[in-house]
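Here is a short report on one chain.

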Amino acid sequence: AAYGLSLVEMTPSSDGHHAFARPLPAPRPHKRTTRQWYQSEKSASIMERLESFMDEHVYPAEAALIAEQEARRGSDRWMPHAKIEELKALAKKAKLWNLFLPSDTRELIAPSIRAEVDCGPGLTNMEYAPLSEIMGACSFASEVFNCSAPDTGNMETLARYGSIEQQEKYLKPLLAGEMRSCFAMTEPAVASSDATNMQAEVVHDAKTGEMVLRGRKWWTTGAPDPRCRVCIFMGRDADADGRPGHRRHSMVLVPLPHSGVRMLRPLTVFGYDDAPHGHAELEFENVRVPATNVLLGVGRGFEIAQGRLGPGRLHHCMRAIGLGERALAMAIVRGSTRKAFGRPLAVLSADKIAEARGGCG
């Protein structure tokens, strides 16, 4: 048995945030024994190597990492784990790196970068889906293979829409796993499910040639991470009146740390702060960056957003299925080993376990 994040005790830390989950024994999902109908031979081969890597390196590290994070207090909670960096080095050596990056996107990356950095095997999104599911069974596994959000979406954005200069400065170190990133789109003052409500501004200063960013964003995943070195900011162009509704917004690259970007607070989900990565509420106060930091062009933010969010939704869904599979495996073990009224729990509630199996399938 390994130790998992699925069944946990919530333990408040001294600073009021809930610590990492306290681990309870949990079985891992069963390995796949057959190639899926939608998988190529390349994808199936990578899946086999990925599962072996998870068994040999990732699952055995869970208990120690959880215990280490639980013991941290204050600002120490946001420091990266040395063990994760060790696992990343092993994943690179095993050629299990940047698995998420589709071949058509990979070809858009500057040749000089492709020559220096492992840009992955070039799987389709469908081929990558079962790999994302496998990583999802462990909360930190995606980062080990440089396949964690929001970096995956930001890397695809820079590959598809970034200039060569933008790729060299930001995409290259992201692909190498040398820094992290965040994406600032959602806002607290409006219903951000309709992004046309966005109030954050992008102003072009004609005198200096700079872009000036103003506004407040929240649920900016990855912003509290000290390795976060770039933010993709989406805002409404100040001179957008008269343009069609979906041509009024731009995306701009903001190097971090920046004097005009202030983290107001880390946010919690069900009491957890998700440290050391986390989510933040940010204030952008007259943030000045060169006009060359605009992605693709002024007014093309929505165009980029649609290209960015599609694969990300798939990644998140498959990771959730992977965690669901692990929870189901735990339920089966619990149901077969515990008894009530003289019978195993599995006999008393077999229909519930069967329904859960259908939900994961």
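In helix α5, the buried residues are Glu127, Tyr128, Ala129, Pro130, Leu131, Ser132, Glu133, Ile134, Met135 and Gly136. That makes 10 of its 12 residues, and α5 is mostly covered. This is a predicted model.

The length of α5 can be checked. The helix runs over residues 125-136. At 1.5 Å a residue, its 12 residues should span 16 Å, and the end C-alpha atoms are 16 Å apart, so the two values agree.

Alanine 63 is found in α1. Is alanine 63 buried or partly exposed? Its relative accessible area is 27%, so alanine 63 is partly exposed; buried would need a value under 20%. Alanine 63 and proline 173 lie 110 residues apart along the chain, and their C-alpha atoms are separated by 30 Å.

Now the strands. Strand β6 covers residues 228-237. Of its 10 residues, 8 are buried, so β6 is largely enclosed by the rest of the structure. Which strands pair with β6, and in what sense? The table lists β7, β3 and β4.

| Strand | Residues | Sense relative to β6 | Bridges to β6 |
|---|---|---|---|
| β7 | residues 249-255 | antiparallel | 7 bridges |
| β3 | residues 180-184 | parallel | 5 bridges |
| β4 | residues 201-205 | parallel | 2 bridges |

Phenylalanine 183 stands opposite isoleucine 232. In β7, the bridge partner of isoleucine 232 is leucine 253.

Trp219, Val269 and Phe270 make a nonpolar patch of about 350 Å². Tryptophan 219 sits in strand β5, residues 210-221. Its relative accessible area is 35%, so tryptophan 219 is partly exposed. The patch cut-off is over 30% relative accessible area, and tryptophan 219 has 35%.

Definitions and conventions: Residues numbered from 1 in each chain as written. Predicted model: local features only at pLDDT ≥ 70, side-chain atom pairs only at ≥ 80, totals over all residues. Heavy atoms only, no water. Buried < 20%, exposed > 50% of the residue type's maximum accessible area, 1.4 Å probe, protein only. Helix = DSSP H or I, 4+ residues; strand = E, 2+ residues; numbered from the N terminus. Pairing = 2+ DSSP bridges. Patch = residues over 30% accessible without salt bridge, like charges linked within 9 Å, V, L, I, M, F, W, Y side chains within 5 Å. Areas by Shrake-Rupley, 256 points an atom, 1.4 Å probe, with all protein chains shown as cover. Salt bridge = Lys/Arg side-chain N within 4 Å of Asp/Glu carboxyl O. Expected span 1.5 Å × (residues − 1).
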